[in-house]
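Look at the chain below before reading on.

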Amino acid sequence: MEEIKFFKPSEPYGEFSNFYYTPVILLNEIWPTVEHYVQSIKFEDVNLWDRIKVMKAPQDVANLSSKLQHKLRPDWEDVKDAIMLKAVKAKFFQHHRLKKILLETGDATIIQHNPNDNYWADGGDGTGKNKLGLILMHVREQLLEISKDPDLILPPWIMFPNNDRGGMFWNMGWGEDYIMEWSRFVDQFGAEAYRNLFPEPLDWEGTYN
Ligand SMILES: Nc1c(N[C@@H]2O[C@H](COP(=O)(O)O)[C@@H](O)[C@H]2O)[nH]c(=O)[nH]c1=O
């Protein structure tokens, strides 16, 4: 079985790192990286979230968080896997390019290789739990259930299920760019054929007209 090892964002498969720069929308807010989101959610104090969100380097975020261990929400150990899954899922559903990279790993085992982390990574010698690798493979399964074609651009109601059709997100920046790219893709693919794969839900009615 092929193994894919990743660690730093600048190295091969760096897109799989939580430090990789790519925005994610969670809780109706845009976070600069998965790391910014996960480290914020560790704390109940939302003032800390605002402080973290404007920090540039994910490493600075991680450093600040490790200094504030005494402020951790009491249930963190119980919820951390679910929160990480939610964030990693959002990242790979919300970005077509990243989704494609993940799907193109086929059935390879994905391993976060970091000697300093026995939980999210392999501990360097394979004794770590590799939870982030397991989560990435789980998200890959979830994507495969929707479509096995890495080039297929998914409809907005699947990529951004929490963004209402009437919301401002679709009228500017990221949301607008995505709708334009998706529309071009649907035209090339053939609207009827695409619609057969992805019939629009009630709140997106009329979108193929
Ligand atoms: N330490 C590290 C990465 N690992 C990430 O750091 C986080 C550590 O979480 P926690 O143990 O809860 O503070 C977690 O998201 C893990 O995947 N990644 C990188 O690119 N570069 C790093 O230097």
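What follows describes the overall build and then the nonpolar core.

The model is predicted. The protein has nine helices and four strands. Read from the N terminus, these elements come in the order β-β-β-α-α-α-α-α-β-α-α-α-α. The radius of gyration is 18 Å, close to the 17 Å given by the globule rule for 209 residues, so the protein is as compact as a globular protein of that length.

How much of the protein counts as buried? Of its 209 residues, 25% do.

The largest nonpolar core holds 27 residues. Those that touch the most other members are Val-24, Tyr-37, Ala-87, Val-88, Leu-136 and Val-139. Which elements give two or more residues to this core? They are strand 2 (24–26), helix 1 (34–41), helix 4 (76–94), strand 4 (109–112) and helix 6 (131–146). Helix 4 supplies the largest share, six residues.

One member of the core, Tyr-37, can be followed in detail. With its neighbours within four places in sequence left aside, Tyr-37 is in contact with Val-24, Leu-26, Trp-31 and Ala-87. Two of these partners, Val-24 and Ala-87, are, like Tyr-37, among the residues that touch the most other members of the core.

Technical notes. Residues numbered from 1 in each chain as written. Predicted model: local features only at pLDDT ≥ 70, side-chain atom pairs only at ≥ 80, totals over all residues. Rg over C-alpha atoms; globule rule 2.2 N^0.38 Å. Buried ≥ 20, exposed ≤ 12 C-beta atoms within 10 Å, placed from the backbone. Core = buried A, V, L, I, M, F, W, Y, C linked by C-beta atoms within 7 Å. Contact = placed C-beta atoms within 7 Å.
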